[in-house]
Amino acid sequence: MKKILITGGAGFIGSHVVRLFVNNYPQYEIYNLDKLTYAGNLFNLTDIENKPNYHFIKADIVDGEHIMQLFEQHRFDDVIHLAAESHVDRSIANPMEFIMANIVGTVNLLNAAKFYWKDDFENKRFYHISTDEVYGSLGDTGFFTEDTPYDPHSPYSASKASSDHLVRAYHDTYNLPIVISNCSNNYGPNQFPEKLVPLFINNIRSNKPLPVYGKGENVRDWLYVIDHARAIDVIFHKGKDGETYNIGGHNEWTNIDLIKLLCQVMDEKLGRETGTSEKLITYVKDRAGHDLRYAIDSAKLQRELGWVPSLQFEEGIRLTVDWYLNNQEWLEEVTSGNYLKYYEEQYVKR
Ligand code: NAD
Ligand code: TYD
């Protein structure tokens, strides 16, 4: 039985990756390691938490000693590393948390893998999940490829860039078998309602203002979270050691066009007159250092490993809106902090 450590598995993307691996690979033991920050939530995984090949470990990757002990105890064969502080606005307010979780946390995992795998790297893999934001900002044309030089601007993207460099350094220096992927913006079920899509769905539902940064002209390249999880599955199993793969679905939207689409879908779903939700749009002060445009060229992944996105954007947005409208309880639980009580009940008291 392969033992796979997935970090950050209680978060948005991590929970979809954990679900996919637990369901599709009963021959693997999946260990979900998560600190359960405000963004990590075991309510995301109630459907699989009792499966025999699923295990949860509450731990902080910044605690290097604890990470070593866990490797000693469980002897993981592979790591799929998603745990991170992930919100750009929070990184502007508090960079140090990002340095600790994203840089120090990643090095702690690299050190534990290097120590316990020793020189026997046969059938081992350290898969680091990263973002397209490390490449910086594009003008009106062009795409990020795997060869685009790093040029991060926010404390978040700088901390992710730093962790990518360290992962590559452990490959080049110690031959650690690594692979990295850099993905564009994700959307879909289970995203904490402070990032653009879930925040705006939530605000439209409760008739709150929609705070658009600057003029809403920034462009993001959106991918449905389950397509990201499918790409991670393919790269984990078929990616080449030492390589980087960009993940994206050629799906660029200016923020304002995306917000107008969301308003239109929400009007439809809530039975409101067309144009009602758009009235909530409120232009606010721009984000400091706001990157203008991200756009991913994922040709390498498509050509070499055969991955293609499964969903058209408008279909994905409708599925996402439906999910949030049908899961109000989830929304209330994650925003009220009730999930911490759930953790106590589920894991501490029994
Ligand atoms: P998220 O914020 O929803 O989840 C992060 C998870 O990591 C949470 O469960 C949190 O509890 C956990 N975590 C944070 N600090 C930790 C620590 N010190 N120790 C242990 N666990 C900790 O993030 P997400 O959007 O799911 O992103 C997951 C990964 O994918 C991140 O590495 C992010 O950089 C990357 N990524 C995200 C996007 C996106 O659009 N969301 C796009 C590309 C790449
Ligand atoms: P976000 O979801 O924070 O992702 P990222 O900054 O990592 O791309 O933001 C997506 C875009 O939406 C980004 O250009 C900032 C913008 N935005 C707003 O205009 N208003 C908001 O309230 C938020 C959270 C984001």
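The second largest pocket is lined by Arg19, Phe43, Asn44, Thr46, Asn190, Trp323, Asn327, Glu329, Trp330 and Glu333. The model is predicted: local features need pLDDT of at least 70, side-chain atom pairs count only at pLDDT 80 or more, and totals for chains, interfaces and linings use all residues. Residues are numbered from 1 along each chain as its sequence is written, chains are lettered from A and ligands numbered from 1 in the order in which they are written, and side-chain values use heavy atoms, with hydrogens and water left out.

**The second largest pocket**

This pocket has a volume of about 190 Å³. A pocket is an open set of points on a 1 Å grid over the protein atoms alone, with protein on both sides within 12 Å along at least five of seven lines; lining residues have an atom within 4 Å of a point. Volume is the space filled by probe spheres set on the points, which are joined across faces, edges and corners. Helix α11 (residues 328-336) supplies the largest share of the lining, three residues. Helices are DSSP runs (H or I, at least four residues), numbered from the N terminus. Because domain 1 (3-187 + 222-247) and domain 2 (196-219 + 253-288 + 313-346) both contribute lining residues, the pocket lies between them. The domain bounds come from an automatic or database assignment.

**Cavities**

The structure holds two cavities of 30 Å³ or more, a cavity being a set of grid points where a 1.4 Å probe fits but cannot get out. Lining the largest cavity are Val88, Ile92, Glu133, His153, Ser154, Arg220, Arg287, Ala288, Gly289, His290, Asp291 and Tyr294. Around the second largest cavity stand Phe12, Tyr38, Ala39, Asn41, Asn44, Asn190, Gln191, Phe192, Trp330 and Val334. In the classes tabulated below, Ala, Val, Leu, Ile, Met, Phe, Trp, Tyr, Cys and Pro count as nonpolar, Asp, Glu, Lys and Arg as charged, and the others, Gly among them, as polar.

| Site | Volume | Lining classes |
|---|---|---|
| Largest cavity | about 50 Å³ | four nonpolar, four polar, four charged |
| Second largest cavity | about 50 Å³ | six nonpolar, four polar, no charged |
| Second largest pocket | about 190 Å³ | three nonpolar, four polar, three charged |

**Helix packing**

Helix α4 (residues 95-117) packs on helix α5 (residues 155-174) at an angle of about 15°, with axes 9 Å apart. The two are therefore roughly parallel, a class for angles under 35 degrees. Axes are lines fitted to C-alpha atoms, for helices over the stretch in contact, and angles run from 0 to 180 degrees between N-to-C directions.

Note on methods
Angles under 35 degrees count as roughly parallel, over 145 as roughly antiparallel, 65 to 115 as roughly perpendicular and the rest as oblique.
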